[in-house]
Amino acid sequence: DPDKSFQSYLFTIAKHLVYDFFHKEIKNRNLKELIISISTSDYSHIEEEYAYKESKKIVNQAIENLSPKRKLIYTLCKIEGKTYEEVSSSLGISTSTISDHIVKATKQIQSFCLSKEITPSLLIALISAVLNQK
């Protein structure tokens with residue numbers, strides 16, 4: 001419209017260019033934040049999984065380091081889920097001896113894992129995962 005001010009026309013164009021610029025920047029910023037959050041969460045999952053696998057190896061190594069009889073009793077009771085009475089009758093030893101072996105095996109596994117710097121809460125989670133997996 002030739003009757004209107006050219007200065008107002010230029011101001012309106014500039015105003016819309018600024019609005020468009022800020023809208024694009026907001027979209028870009030939101031997209032960057034989304035990409036960063038997705039990549040970071042994937043990285044932390046990978047890192048946690050790696051730590052879990054390494055810790056699980058240590059727990060299995062601790063079980064392997066038990067004496068043969070203690071390892072057998074621990075495996076039968078904790079991993080295979082047999083009762084103390086079942087293990088007692090199959091091995092021909094008393095339930096109190098079974099209990100003693102389990103207590104000592106658990107302490108030995110804990111001390112081995114703590115020497116490898118596994119936290120107690122992670123140790124509990126790992127032992128239960130190992131027990132549920134086998």
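In this predicted model, F22 is partly exposed, with a relative accessible area of 49%. Its partner is F21, and together F21 and F22 form an edge-to-face aromatic pair, with 5.6 Å from centre to centre and 65 degrees between the planes. The angle counts as edge-to-face because it is over 60 degrees. F21 is likewise partly exposed, at a relative accessible area of 47%.

A search of the whole structure finds 2 aromatic pairs. F6 and Y9 also form such a pair, this one tilted, with the ring centres 6.1 Å apart and the planes at 35 degrees. Both F6 and Y9 belong to helix α1 (residues 6-64), where a spacing of 3 residues amounts to about one turn of the helix. F6 is exposed, since its relative accessible area is 57%, and the cut-off for exposed is over 50%.

Attention can now turn to helix packing. Two packed helices are described by the angle between their axes and the distance between the axes. For helix α2 (residues 68-79) and helix α3 (residues 84-91), the axes come within 9 Å and cross at roughly 140 degrees. This angle makes α2 oblique to α3. The crossing of α2 and α3 is right-handed. On the α2 side, L72, I73, L76 and C77 take part in the contact, and they meet Y84, V87 and L91 of α3. The residues of this contact comprise 7 nonpolar, no polar and no charged.

Finally, K104 sits in helix α4 (residues 95-115). K104 is partly exposed, with a relative accessible area of 40%. Although K104 and R70 are 34 residues apart in sequence, their C-alpha atoms are 8.4 Å apart in space.

Terms used: Residues are numbered from 1 along each chain as its sequence is written. This is a predicted model: local features need pLDDT of at least 70, side-chain atom pairs count only at pLDDT 80 or more; totals for chains, interfaces and linings use all residues. Side-chain values use heavy atoms; hydrogens and water are left out. Axes are lines fitted to C-alpha atoms, for helices over the stretch in contact, and angles run from 0 to 180 degrees between N-to-C directions. Helices (H or I, at least four residues) and strands (E, at least two) are DSSP runs, numbered from the N terminus. Angles under 35 degrees count as roughly parallel, over 145 as roughly antiparallel, 65 to 115 as roughly perpendicular and the rest as oblique. A crossing is left-handed if the near helix is turned anticlockwise from the far one by less than a right angle, and right-handed if clockwise. Contact means heavy atoms within 4.5 Å. Ala, Val, Leu, Ile, Met, Phe, Trp, Tyr, Cys and Pro count as nonpolar, Asp, Glu, Lys and Arg as charged, and the others, Gly among them, as polar. Buried means under 20% relative accessible area, exposed over 50%, partly exposed in between (1.4 Å probe, protein chains only). Rings of Phe, Tyr and Trp (its six-membered ring) pair if their centres lie within 6.5 Å; planes under 30 degrees apart count as stacked, over 60 as edge-to-face and the rest as tilted.
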